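Visitor: I'd like to learn how to read a protein structure, one feature at a time. Could you walk me through one?

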Amino acid sequence: MSDAPKTSADHSPVEKKSIDDSLDFEHGSTAPDAHDHARSDPAMSKIWRKMDLYVLPVVTIMYFLSSLDRSNIGNARIAGLQQKLHMSDTQYSLALTVTLIPYTLIEIPSNYLLMIVGPRYLLPTMALLWGITCTLQGVVTNYSGLIACRFFLGLFEGGLLPGMTFYLATFYPRQMLQLRVSIMFSATSLASAFSGLLAAAIIGMDGVGNRPGWAWVFILEGLFTVVFAAVSFCLMPNTPSSAYFLSEDEKHLVSGAVLDEGLLTEGANKRRDLSDMLKTFVQPHVIFCAVAGFFSGATLSGLAYFLPSIVASLGYKGSEAQLMSVPPFAVAAFLSIVTAILADRYAHRGLTLIFFAVMSAIGFGIFYGSFVNHTRYGSLFLAVPGAYCVGPPLGTWMANNTAPLVRRGTALALLTTMTNLGSILSTWLLGALSPAPRYTSATVTLIVFQVATVLCAAVNMAWLTSENRRKERVQAGGEEPRPERPGAVANESAWFKYVL
């Protein structure tokens with residue numbers, strides 16, 4: 001099927017390459033009943049179901065494969081990779097760090113490029129390249145080869161998370177966004193769970209083709225990504241206006257819905273200039289979210305890379321250690337989606353974030369205080385879901401409260417950059433700097449990070465509340481005229497209401 005939209009006599013959304021040159025969505029002031037109308041109107045409900053059927057699965061599977069291909073080194077490690085390549089713990093941490101450096105540096109440029117090239121071309125290309133790189137890890141014979149593969153894996157995967165979040169923010173109204181981001185982000189915990197199951201099965205191929213079992217983990221998972229990436233070129237529309245699965249009337253309904261919510265911008269307001277990008281870095285709510293992203297990234301990546309090793313340190317060995325790392329991640333995926341439904345319904349991102357940071361802190365506290373392995377394993381059912389469920393509300397919060405388009409793209413890229421800086425810390429914190437089985441320094445640090453995340457969220461909520469009250473006073477006093485379309489404003493405008 002063609003990706004190009006049909007034309008009509010009176011109005012035709014024209015397909016263009018740039019994501020913000022076709023149909024742009026901005027998070028502006030939302031009419032009180034706009035979201036309820038969007039969900040209850042039968043025609044609109046049908047459209048959102050189509051979005052969920054055609055757009056969301058592609059995004060979720062692609063992010064699932066990204067998480068799987070990036071973190072499967074943890075499963076390969078306990079399956080013999082470290083011994084085969086004669087790596088010390090320090091060298092293993094260095095291999096993880098080499099992945100995260102280009103992963104971090106590429107994110108802001110990648111999101112900028114996404115707005116120019118369009119997601120339909122950029123995102124599948126990234127997946128194709130990192131899938132090839134993941135596969136090549138299965139044929140390396142020395143540490144230098146692994147380091148080279150990890151560098152390019154990080155380079156090709158780096159822009160995916162901010163790009164995906166930005167992409168979803170152009171398809172869904174902001175109060176419907178967290179559920180979709182959570183479904184996408186649940187792919188991280190599912191990938192971590194599925195990675196253990198896959199590794200337990202694939203390791204049985206040890207000796208096939210004269211290759212060890214850990215090599216087949218990289219080869220098979222990487223090849224699947226390559227195949228899916230090739231198919232994704234045909235599956236991903238750039239924008240709703242170019243969606244092959246929507247009729248022309250449905251495209252008009254989407255335009256009307258986002259206009260009602262103040263999410264549509266037009267020609268004069270479509271900006272991609274440097275001044276808007278720079279303003280992103282000095283806005284308080286962006287800074288608070290970015291700092292929280294650092295703490296979240298350190299926690300989440302530490303668990304993604306090291307949970308199989310942590311479980312192994314609790315007395316589980318071989319395939320049993322792989323399998324016992326699965327349940328905490330499965331719980332994380334379930335909780336992420338359930339709480340996202342409530343967060344979208346009541347538009348409370350900050351409270352969701354606080355709840356899960358506290359939950360994670362309790363889990364790490366039990367892990368630190370107990371000397372009983374079964375109890376310490378049980379604590380992972382609090383620490384892991386808590387850490388993984390912080391990500392979706394944090395990313396959605398940033399997207400909800402940042403406009404115009406270029407500023408939102410920059411803010412999401414900044415958030416992921418900070419998350420990855422935390423990830424770099426975690427590769428050493430849970431690796432060379434804090435030995436098994438107690439992981440004392442790492443556990444204490446991660447408890448502090450959860451408390452700091454709670455503080456960032458609380459202060460951000462207080463600031464956003466005070467800003468909304470100030471904006472109400474400005475509106476009441478007539479100090480800032482109401483724009484013709486409230487969606488075509490920057491987030492500091494009195495007519496842009498922040499989401500708490």
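Visitor: Which residues does leucine 168 touch?

Guide: Start with the idea of a contact: heavy atoms within 4.5 Å of each other. Leaving out residues up to four places away in sequence, leucine 168 touches Val55, Leu56, Val59, Leu177, Arg180, Val181 and Met184. Before we go on, keep in mind that this is a predicted model, where local features need pLDDT of at least 70 and side-chain atom pairs count only at pLDDT 80 or more, while totals for chains, interfaces and linings use all residues. Residues are numbered from 1 along each chain as its sequence is written, and side-chain values use heavy atoms, with hydrogens and water left out.

Visitor: Which residues have the most contacts inside the largest nonpolar core?

Guide: In soluble globular proteins, nonpolar side chains tend to be buried together. A nonpolar core is a set of buried Ala, Val, Leu, Ile, Met, Phe, Trp, Tyr and Cys residues joined through side-chain atoms within 4.5 Å. Here the largest one has 129 residues, and Met51, Met62 and Leu168 have the most contacts inside it. Helix α13 (residues 284-313) gives the most to this core, with 15 residues.

Visitor: Is methionine 398 buried or exposed?

Guide: Methionine 398 counts as buried because its relative accessibility is 0%. You'll find it in helix α18 (residues 391-400), a helix with 10 of its 10 residues buried. Skipping neighbours within four places in sequence, methionine 398 is in contact with Val286, Cys289, Ala290, Ala411, Leu412 and Leu415. Methionine 398 and arginine 408 are 10 residues apart in sequence, with 7.7 Å between their C-alpha atoms.

Visitor: How do α4 and α19 run, roughly parallel or roughly antiparallel to each other?

Guide: Under 35 degrees counts as roughly parallel, over 145 as roughly antiparallel, 65 to 115 as roughly perpendicular and the rest as oblique. The axes of α4 (residues 89-105) and α19 (residues 405-429) come within 8 Å and cross at roughly 175°. These two helices are therefore roughly antiparallel. Among the residues that meet are Leu94, Leu100 and Tyr103 in α4, and Leu421, Ile424 and Trp428 in α19.

Visitor: Where does the charged end of arginine 77 sit?

Guide: A charge sits over a ring if NZ of Lys or CZ of Arg is within 6 Å of the ring centre and within 35 degrees of the ring normal. The charged end of arginine 77 is over the ring of tyrosine 92, 4.2 Å from its centre. Arginine 77 belongs to helix α3 (residues 56-84) and is buried, at 12% relative accessible area. Likewise, the charged end of arginine 376 sits over the ring of phenylalanine 367, 3.9 Å from its centre.

Visitor: How many aromatic pairs are in the whole structure?

Guide: Rings of Phe, Tyr and Trp (its six-membered ring) pair if their centres lie within 6.5 Å; planes under 30 degrees apart are stacked, over 60 edge-to-face, and the rest tilted. A search of the whole structure finds 20 such pairs. One of them is phenylalanine 294 with phenylalanine 295, edge-to-face at 5.7 Å centre to centre and 75° between the planes.

Visitor: Which residue has a positive phi of about 55°?

Guide: Most residues other than glycine have a negative phi, and most peptide bonds are trans. Histidine 86 has that positive phi although it is not a glycine; it lies in the loop between α3 and α4 and is exposed, at 69% relative accessible area. Tyrosine 439, with phi near 50°, is in the loop between α19 and α20 and counts as buried at 5%. As for peptide bonds, the one from alanine 436 to proline 437 is cis, with omega near 5°.

Note on methods
Helices (H or I, at least four residues) and strands (E, at least two) are DSSP runs, numbered from the N terminus. Buried means under 20% relative accessible area, exposed over 50%, partly exposed in between (1.4 Å probe, protein chains only). Axes are lines fitted to C-alpha atoms, for helices over the stretch in contact, and angles run from 0 to 180 degrees between N-to-C directions.
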